[in-house]
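Visitor: I am new to this structure. Please take me through a few of its contacts.

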Amino acid sequence: MILKGFKELNSFLETSKNIVIIGHRNPDGDAMGSTLALKHYLDKKGHCTTVVIPNGYPDFLQWLPGSENTYRFDRQNSQSQKAINASEIIFLLDFNALHRVGHDMQDTLEKYPNDFAMIDHHQQPDDVEYMYSDVTICSTCQMVYQFIDMNADLDLIDSNIATCLYTGIMTDTGSFRFRSTTSKTHRVIADLIDKGAENDRIHNNVYDANS
């Protein structure tokens with residue numbers, strides 16, 4: 001595990017900030033779940049956040065709470081650029097290198113003058129100012145849960161956050177079938193259900209609502 005600049009990041013976030021949260025190109029359930037969950041959490045902490053994704057994502061994820069307010073960099077470029085330029089920090093979720101967002105967005109991010117904070121579980125992450133990296137964890141959504149836990153803020157997890165996190169963990173573990181699914185993952189899932197994630201509805205929305 002790499003935990004870089006965690007105390008400094010917490011100090012930076014003690015006052016309200018303009019924040020952009022970005023997932024990788026062709027975002028999957030873990031990318032969308034983690035970015036939206038972090039948005040809901042940081043909003044509850046008093047920050048002003050915007051989720052910007054490089055391009056479109058599957059219909060079976062468009063019901064996620066807050067997805068209707070995300071910007072697509074490829075289609076809403078001016079709004080995306082405005083949000084990025086106004087931000088004081090950018091969170092990079094579920095990807096380990098800037099090229100994972102596509103060339104156009106990568107060019108924009110490489111010119112970004114402020115700091116990045118990365119939360120990701122893939123190998124060989126780019127070096128950024130603030131980093132929480134752990135390749136042993138099954139999903140970035142579980143890492144966001146643990147990030148919230150590190151801040152002693154589990155009581156802030158509501159049904160929207162729980163739903164987003166559950167979705168990302170479920171999809172990245174093949175409905176909890178993969179070896180990366182640990183006993184800790186199941187304990188996290190149990191807590192998310194207790195906090196309002198409706199597991200049957202989430203499974204139906206992701207796997208049963210589309211042909």
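**Helix packing and salt bridges**

Guide: In this predicted model, helix α6 (residues 159–172) packs with helix α7 (residues 183–194) at an angle of about 150 degrees, their axes lying 9 Å apart.

Visitor: In which hand does α6 pass α7?

Guide: The angle between the two helices is about 150 degrees. The crossing of α6 with α7 is left-handed.

Visitor: How many residues of the contact of α6 with α7 are nonpolar, polar and charged?

Guide: From α6 come Ala162, Leu165, Tyr166 and Ile169, and from α7 come Thr185, Val188, Ile189, Leu192 and Ile193. The division is 8 nonpolar, 1 polar and no charged.

Visitor: Which residue forms a salt bridge with Asp158?

Guide: The structure holds 7 salt bridges. In one of them, the closest N and O atoms are 3.3 Å apart, within the 4 Å cut-off. Asp158 lies in the loop between α5 (140–150) and α6, and its partner is in helix α2 (residues 29–44), 114 residues apart. That partner is Lys44.

Visitor: Lys45 and Asp153 also meet in a salt bridge. Is Asp153 buried or exposed?

Guide: The N to O distance of this pair is 2.9 Å. Lys45 lies in the loop between α2 and β3 (48–53) and Asp153 in the loop between α5 and α6, so the pair ties together parts 108 residues apart in sequence. Lys45, at 40% relative accessibility, is partly exposed. Asp153 has 9% relative accessibility, and because buried means under 20%, Asp153 counts as buried.

Definitions and conventions. Residues are numbered from 1 along each chain as its sequence is written. This is a predicted model: local features need pLDDT of at least 70, side-chain atom pairs count only at pLDDT 80 or more; totals for chains, interfaces and linings use all residues. Side-chain values use heavy atoms; hydrogens and water are left out. Axes are lines fitted to C-alpha atoms, for helices over the stretch in contact, and angles run from 0 to 180 degrees between N-to-C directions. Helices (H or I, at least four residues) and strands (E, at least two) are DSSP runs, numbered from the N terminus. A crossing is left-handed if the near helix is turned anticlockwise from the far one by less than a right angle, and right-handed if clockwise. Contact means heavy atoms within 4.5 Å. Ala, Val, Leu, Ile, Met, Phe, Trp, Tyr, Cys and Pro count as nonpolar, Asp, Glu, Lys and Arg as charged, and the others, Gly among them, as polar. A salt bridge is a side-chain nitrogen of Lys or Arg within 4 Å of a carboxyl oxygen of Asp or Glu. Buried means under 20% relative accessible area, exposed over 50%, partly exposed in between (1.4 Å probe, protein chains only).
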